[in-house]
There are 2 protein chains.
Amino acid sequence: MSSYTIVDETVLEKLRAVCGAENVKADEKTLKAFSHDKVAEEKYAHRPDVAVFPGSTEEVAAIMKLANELRLPVTPRGGGSGLSGGAVPVAGGIVLSLERMNRIIEIDTDNLFAVVEPGVITKELDGELKKHNLFFAGYPMSEEICHLAGNVAENAGGGRAVKYGVTGRYVLGLEVVTPEGLTLNLGGKRVKDVTGYNLISLFTGSEGTLGVFTKLYIKLLPRPKHRLALFGFLPTPLTLNKVLPALLADPEVQPSSIEFMDSLCIESVKQTAPKSDVEITPGGAILVEVDGPTLAQIEAELQRVEQILTAHGVSGIRKAESEDHLEEVWKVRKQVPWALMRIAPHQSLEDISVPVSTIPAMLDEIRDVSSRYDVPIPCFGHAGDGNLHATPLKPEAMSVEVWLETLPKLLSELYVKAAGLGGTISGEHGIGHKRSSYMKLVLGDAERDIMRRIKRAIDPNNIMNPGKILVDED
Amino acid sequence: MSSYTIVDETVLEKLRAVCGAENVKADEKTLKAFSHDKVAEEKYAHRPDVAVFPGSTEEVAAIMKLANELRLPVTPRGGGSGLSGGAVPVAGGIVLSLERMNRIIEIDTDNLFAVVEPGVITKELDGELKKHNLFFAGYPMSEEICHLAGNVAENAGGGRAVKYGVTGRYVLGLEVVTPEGLTLNLGGKRVKDVTGYNLISLFTGSEGTLGVFTKLYIKLLPRPKHRLALFGFLPTPLTLNKVLPALLADPEVQPSSIEFMDSLCIESVKQTAPKSDVEITPGGAILVEVDGPTLAQIEAELQRVEQILTAHGVSGIRKAESEDHLEEVWKVRKQVPWALMRIAPHQSLEDISVPVSTIPAMLDEIRDVSSRYDVPIPCFGHAGDGNLHATPLKPEAMSVEVWLETLPKLLSELYVKAAGLGGTISGEHGIGHKRSSYMKLVLGDAERDIMRRIKRAIDPNNIMNPGKILVDED
């Protein structure tokens with residue numbers, strides 16, 4: 001990475017000429033704020049040399065042309081809510097913040113499409129869609145801060161993917177500025193399109209390494225009018241192997257969420273919020289949400305869910321009989337990440353994805369690794385699609401130095417075990433630079449080689465978010 | 001294409017050494033059968049030099065290594081049901097038929113996955129899935145003959161895409177042999193996966209130009225227990241602009257099919273099957289199907305559909321009150337392509353895809369082009385996703401020579417108009433070589449350049465189904 005140009009006053013002047021002086025910032029506060037995303041470990045932070053805030057596609061294209069000509073690394077940035085370091089400029093250079101390009105261009109109620117600029121906050125779009133009884137189904141749990149283009153760059157998942165799929169399913173058009181500064185117009189408001197290679201899907205989830213998104217066409221659905229949920233305690237983790245196929249193969253229920261948290265997570269919630277009325281069972285807890293057009297229909301669905309769960313020994317079931325009680329049912333699940341963060345600020349929020357039927361086996365592996373390393377690894381996540389946020393926590397007695405030495409070994413073991421079960425190292429958070437050195441544990445030489453060739457074909461000078469997904473030395 | 005090696009006896013001997021003599025065929029009958037797919041126009045046919053029938057991934061890999069080394073063009077072939085020439089070996093060389101690799105390897109009822117070899121016939125898988133109350137939602141209308149890997153290679157659509165999406169949504173794992181003969185293992189039974197670039201989506205719909213599929217992991221759904229449908233006549237094409245948004249945005253209905261056929265199609269059916277009880281209205285006809293877990297639920301849905309349609313003047317509604325009458329309701333729609341083929345064997349089945357709200361505008365454009373060229377262009381297809389099979393028919397009085405001269409001009413005009421409405425030249429049939437020369441009408445230089453770079457990156461010697469999607473001279 002030493003072959004990149006240094007950002008000096010001449011470069012800054014050229015950037016100011018493109019975006020205006022007020023949109024080119026190199027002050028300490030900005031550079032510090034843009035040196036990290038939401039990854040807990042400080043070692044994954046890296047400061048940019050300059051933050052640039054373009055206001056239009058043309059400005060983005062001009063910046064990319066300049067960067068490509070001068071060999072300046074460029075890292076696009078959305079809301080900074082990423083969990084794999086995707087927006088962290090590991091080679092320095094330019095952070096390209098899309099926050100000024102935040103217009104909802106159009107809500108098209110005839111074609112059920114939202115056309116938006118990249119920097120629109122997910123929740124903001126949702127508020128707008130609510131007025132039209134429409135719905136973008138792909139949103140992640142950081143909806144209050146995450147930008148739509150960031151969701152697309154990471155192909156974000158979230159708690160509703162079991163019914164609705166992930167972000168990519170809803171991205172049917174993209175305007176993308178390439179590393180060389182050309183603007184691609186891909187797809188649009190047509191629903192079906194087989195005009196050559198599926199570049200939209202290639203760019204989706206490419207973590208800012210192949211281009212900058214400047215406009216998104218998002219397919220909308222009719223907004224489900226009602227939601228209900230229930231929460232209960234599992235006798236053992238193995239119960240999941242009965243409950244999940246039963247829920248997923250039943251034609252009469254289609255849960256919008258099937259969430260899981262293990263007993264360690266429940267304990268953490270109890271510890272940090274002592275008033276929580278939770279049971280500690282060896283199996284942890286499950287949460288199932290249903291949504292739909294009529295209350296009668298989803299009440300019937302929820303009743304069926306309850307039957308399935310109680311038939312398999314799930315206890316202490318709390319049901320949101322109306323939507324007013326929905327938040328109550330979700331409360332424990334939503335407290336989990338915060339409780340873990342309070343207990344252990346030194347932690348690694350992981351994102352293993354395995355075939356659904358192997359969740360109990362994966363939980364066994366996690367417990368085994370946990371006990372051998374003497375590191376607690378609470379685990380929660382989206383059981384309905386096998387996406388487990390195992391979260392190794394630094395024990396209080398362990399020094400930070402030992403923790404930093406231990407963690408990579410521990411993670412390697414977890415990842416190898418996930419791979420052995422037919423799983424992978426990330427289901428929705430991405431690789432970024434946090435997981436890049438582990439790619440070879442789950443992908444072979446041939447697969448990584450094809451990815452590298454694609455990267456080189458689209459970004460021949462390797463200026464677009466370098467150091468992410470695949471590292472040089474692997 | 002002149003730089004390819006000629007298939008001589010030495011080459012044949014090497015192929016026999018890989019697959020066995022009985023699986024390497026160069027007889028007239030085989031070569032003729034493998035010189036075309038289901039595209040009507042004879043000019044798109046081209047004979048291979050040899051047809052090879054591998055029995056395993058290893059054999060496919062050995063063939064590709066050999067072909068890459070010797071510079072032999074290889075065109076993979078499924079069931080031959082394609083509609084854009086995807087399986088036609090335009091540069092000669094090897095046709096690689098996957099028909100011997102036709103095992104259903106596994107129906108995994110815990111994870112809801114089918115693992116299959118490439119040559120499994122779609123309907124055969126469906127029959128197997130029926131036994132388990134499971135369902136592969138992505139199947140196209142040629143289900144009786146099409147191979148699953150062919151569906152994936154073309155990213156096939158079909159009549160249910162409006163509810164279930166197209167084939168690609170269900171392909172979560174692929175084993176692919178690259179043009180250089182390496183075997184890639186991508187995805188599998190995990191539902192969520194963001195481990196680097198989405199190669200599965202890149203290979204899906206790549207029409208055999210990037211690799212050979214040797215194993216597929218297909219996500220299944222619970223099988224909808226019941227289906228009902230209705231059929232009615234539209235007062236004018238503009239009625240679609242009222243009916244479609246009403247159907248698509250209504251949270252209480254989720255049609256599995258919304259099919260359309262214009263008045264010319266209806267006339268053709270009447271002409272070829274005089275007993276058909278059809279009305280000729282300026283607006284043509286609409287068919288809506290619903291499916292779901294309980295009869296009560298879809299009866300309510302169908303009633304709502306009927307309300308919406310009658311509110312907008314749709315007349316002569318025939319409702320399948322039970323599933324026994326389903327075929328009757330579908331009959332006219334299914335007769336359309338056969339009726340058109342009988343009336344005019346010289347025809348071009350097109351596959352325009354436009355934003356749903358622009359269907360009436362596109363129908364206007366089609367009528368305009370039709371009257372200027374004096375060529376009838378009946379139009380039918382999947383209205384719910386804007387996918388219109390406009391089908392120019394050679395008038396009896398027009399010579400074949402004039403027809404072949406006229407058609408490209410006429411198609412160019414149709415395509416430019418589709419593009420002007422935000423549409424494209426193919427929604428589900430693919431580009432192949434039938435539409436490759438028109439790619440520049442709907443994609444710019446930058447977009448096509450990126451596609452070419454990807455092709456070169458993965459197939460540096462251009463041996464994999466050459467002459468498809470993008471032609472050299474465009």
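This is a predicted model: local features need pLDDT of at least 70, side-chain atom pairs count only at pLDDT 80 or more; totals for chains, interfaces and linings use all residues.
Two strands count as paired if DSSP finds at least two bridges between them.

Strand β5 (residues 104-108) of chain A runs antiparallel to β6(A), and 4 bridges join the two. A:I104 faces A:V116 of β6(A) across this pairing. The hairpin of β5(A) and β6(A) has 4 residues between the strands. In that hairpin, A:L112 adopts a positive phi near 55°. Strand β10 (residues 212-219) of chain A is also joined to β6(A) by 4 bridges, again antiparallel. Here A:A114 stands opposite A:I218 in β10(A). Side chains along strand β6 (residues 113-116) of chain A point in two directions. A:F113 and A:V115 go one way, and A:A114 and A:V116 the other. These four residues are all buried.

Salt bridges were searched for next. Side chains of opposite charge can pair when their charged atoms come close. The search finds 62 salt bridges over all chains of the structure. A:R16 pairs with A:E13, with 2.7 Å between the closest N and O atoms. Both residues sit in helix α1 (residues 9-19) of chain A, 3 residues apart, or about one turn of the helix. A:R16 is partly exposed at 23% relative accessibility. A:E13 is also partly exposed, at 43%.

A second bridge spans a longer stretch of sequence. A:E350 pairs with A:R435, and the closest N and O atoms are 3.2 Å apart. This pair links distant parts of the chain, 85 residues apart. A:E350 lies in the loop between α11 (326-343) and β16 of chain A. A:R435 lies in the loop between α13 (400-420) and α14 (439-442) of chain A. Buried means under 20% relative accessible area. A:E350 has 0%, so A:E350 counts as buried. A:R435 is likewise buried because its relative accessible area is 0%.

In chain B, the side chains of B:R333 and B:E259 meet in a salt bridge at 2.7 Å, N to O. B:R333 lies in helix α11 (residues 326-343) and B:E259 in strand β13 (residues 257-261) of chain B, so the pair ties together parts 74 residues apart in sequence. Both partners are buried, B:R333 at 3% relative accessibility and B:E259 at 0%. Elsewhere, salt bridges that share partners join A:E365, A:D368, A:R372, A:E413 and A:K417 into one network.

The two chains also meet at an interface. On each side, 80 residues take part in the contact between chain B and chain A. The size of an interface is often given as the accessible area lost when the parts come together. For chain B and chain A the buried area is about 6,300 Å², with 63% given by carbon and sulfur atoms. B:K192, B:V194 and B:Y197 supply 16% of the area that chain B buries against chain A, more than any other three residues.

The rule finds 8 salt bridges between chain B and chain A. One of them joins B:E180 and A:R453, at 2.8 Å, N to O. Polar contacts between the chains amount to 28 residue pairs. On the side of chain B that touches chain A, at least two residues come from each of β9 (183-187), α7 (199-203), α8 (240-249), α14 (439-442) and α15 (445-458). α15(B) gives the most, with 9 residues. By type, the residues on this side of chain B divide into 34 nonpolar, 28 polar and 18 charged.

A:S353 illustrates a residue with contacts in both chains. A:S353 lies in strand β16 (residues 352-353) of chain A and is buried, with a relative accessible area of 0%. Beyond neighbours within four places in sequence, its contacts include A:D385, A:N387 and A:T424. From chain B, B:R190 and B:K192 are in contact with A:S353.

Technical notes:
Residues are numbered from 1 along each chain as its sequence is written. Chains are lettered from A and ligands numbered from 1 in the order in which they are written. Side-chain values use heavy atoms; hydrogens and water are left out. Contact means heavy atoms within 4.5 Å. Buried area is the accessible area (1.4 Å probe) that two parts lose on being put together, summed over both. A salt bridge is a side-chain nitrogen of Lys or Arg within 4 Å of a carboxyl oxygen of Asp or Glu. A polar contact is a pair of N or O atoms within 3.5 Å; within protein, one must be able to donate a hydrogen and the other to accept it, and residues adjacent in sequence count only if both atoms are side-chain atoms. Ala, Val, Leu, Ile, Met, Phe, Trp, Tyr, Cys and Pro count as nonpolar, Asp, Glu, Lys and Arg as charged, and the others, Gly among them, as polar. Buried means under 20% relative accessible area, exposed over 50%, partly exposed in between (1.4 Å probe, protein chains only).
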